[in-house]
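This report describes the arrangement of strands and helices in one protein model. Please look at the sequence and the structure below before reading on.

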Amino acid sequence: MKYRSMKNVDKKVSEVGFGVWSVATPWWGVKDETLAKKLLRVAYEDYGITFFDTADVYGQGKGETLLAEALEGLMDKIVIATKFGYDIFAKRGDRHGGHSELPQYWDKEAIRNSCEASLKRLKIETIDVYQLHNARMEAIISDEVMETLERLKEEGKIRSYGVALGPDIGWRDEGLATIQKQKMDMAQIINNLIEQDPARELIKAAEEAGTSLIARVPHASGLLDGSYDPDKHFDKSDHRNHRPVKWMQSGVQAVRDWSFLYKGTDRTIGQAAILYSLASAAIKSVLPNITSEANLKEFAEASEKTPFTAEELAKVEELWLNGQQEALKQPFSNSKSKPTPVAIKQ
């Protein structure tokens, strides 16, 4: 495993991180808590993964308690990132207009309460990376939010802060505001060979500003790890159900175009997908979805494989700009199309 430095974090982060989402919620398929804890422990002990990204909303705090239990006695040796902003105990009936997200609260009291609760569940004194979870523009540019986070940093409750952009693809303006206007320490983005926009612009901005980035969804819902079967789609319980079949089919063709990145090399397709993000020095860690010991091993070992050459990166850009970008075009979300989710007044 190779390591990189994150802004205002005093420990090195592994180039391949562990997104606790994949073992703390049933959406990705890991329902066995014993297996979940084993994967988290083995990730650190056997593969040198030191960056673990979780959130208070994962299983209503389970993602944080699971991490603390799995890595008991080792929490001071890893870099812990968690997120805040959602009312994690809101009832399903409180969701706004059928919106799939829980209500969000960004006032000073809510942020402080969330931070204290996360510290307690994680059984630590300081959160290394504290992220606004799927924040809209109004929260990102809020003076109250920024001032509260600065106070938490001064009090030693957090070391750095930023925004996990989402929940889906897009959020260009929000990302640029995080990096250029608010000059936060970090941002978490979606980035992969098939979804290069708006990440290309955000990466450039981060490189210029010295902002640390974390990349998630490197395998584009299975298209880039070999798990997607183009002859069948998935039922409503599968996380890929929201992907349009036509878009997935275009992705399958794009994967064929990328074959030079893994065929005849020391990389698997899944490892090449991770190395694509690591080609930028601004991206400090990549978060693949880890659901088994087999893919933990494969993905963790990506850090040791041959980095992309300048020629390979040039060909990736050429393919993207000369056809793939248009074929894989999809609507981007933003604060106007998906405003801050709020609770319905009773």
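## A term and the kind of model

A residue counts as buried when its relative accessible area is under 20%. The model is a predicted one.

## The sheet

Eight strands make up an open sheet, in the order β3-β4-β5-β6-β7-β8-β9-β10, with parallel pairing. The edges are taken by β3 (18-19) and β10 (283-287); each has a single partner strand, so one side of each has no neighbour in the sheet.

Two of the pairings can be followed in detail. Four bridges link strand β5 (residues 79-84) to strand β6 (residues 127-133) in the parallel sense, and K83 has Q131 in β6 as its bridge partner. Strands β7 and β8 also run parallel and are joined by three bridges. Here V163 stands opposite A187 in β8.

## Strand β8

How many residues of strand β8 (residues 186-190) are buried? Five of its five residues are, so the strand is mostly covered. In a regular strand, side chains alternate between the two faces of the sheet. In β8 both faces are covered: M186, Q188 and I190 are buried on one side, and A187 and I189 are buried on the other.

## Helices lying across the sheet

Helix α6 (residues 143-154) lies across β5, β6 and β7 (158-164), and its direction is at about 150 degrees to β7.

## Helices packing on helices

Helix α2 (residues 33-45) packs against helix α3 (residues 62-70) at an angle of about 60 degrees, and the two axes are 9 Å apart. Their crossing is right-handed. On the α2 side the contact is made by E33, A36, K37, L40 and R41, which meet K62, L66, L67, E69 and A70 of α3. Sorted by class, this contact of α2 with α3 holds five nonpolar, no polar and five charged residues.

Helix α11 (residues 293-300) has N295, L296, F299 and A300 buried. Why do they lie on the same side of α11? They cover an arc of only 125 degrees around the axis, which places them on the same side of the helix. The buried residues of α11 pack against α2 and α10.

Terms used: Residues are numbered from 1 along each chain as its sequence is written. This is a predicted model: local features need pLDDT of at least 70, side-chain atom pairs count only at pLDDT 80 or more; totals for chains, interfaces and linings use all residues. Side-chain values use heavy atoms; hydrogens and water are left out. Two strands pair if DSSP finds at least two bridges between them. Helices (H or I, at least four residues) and strands (E, at least two) are DSSP runs, numbered from the N terminus. Contact means heavy atoms within 4.5 Å. Axes are lines fitted to C-alpha atoms, for helices over the stretch in contact, and angles run from 0 to 180 degrees between N-to-C directions. A crossing is left-handed if the near helix is turned anticlockwise from the far one by less than a right angle, and right-handed if clockwise. Ala, Val, Leu, Ile, Met, Phe, Trp, Tyr, Cys and Pro count as nonpolar, Asp, Glu, Lys and Arg as charged, and the others, Gly among them, as polar. Buried means under 20% relative accessible area, exposed over 50%, partly exposed in between (1.4 Å probe, protein chains only). The arc is that of the directions from the helix axis to the C-beta atoms.
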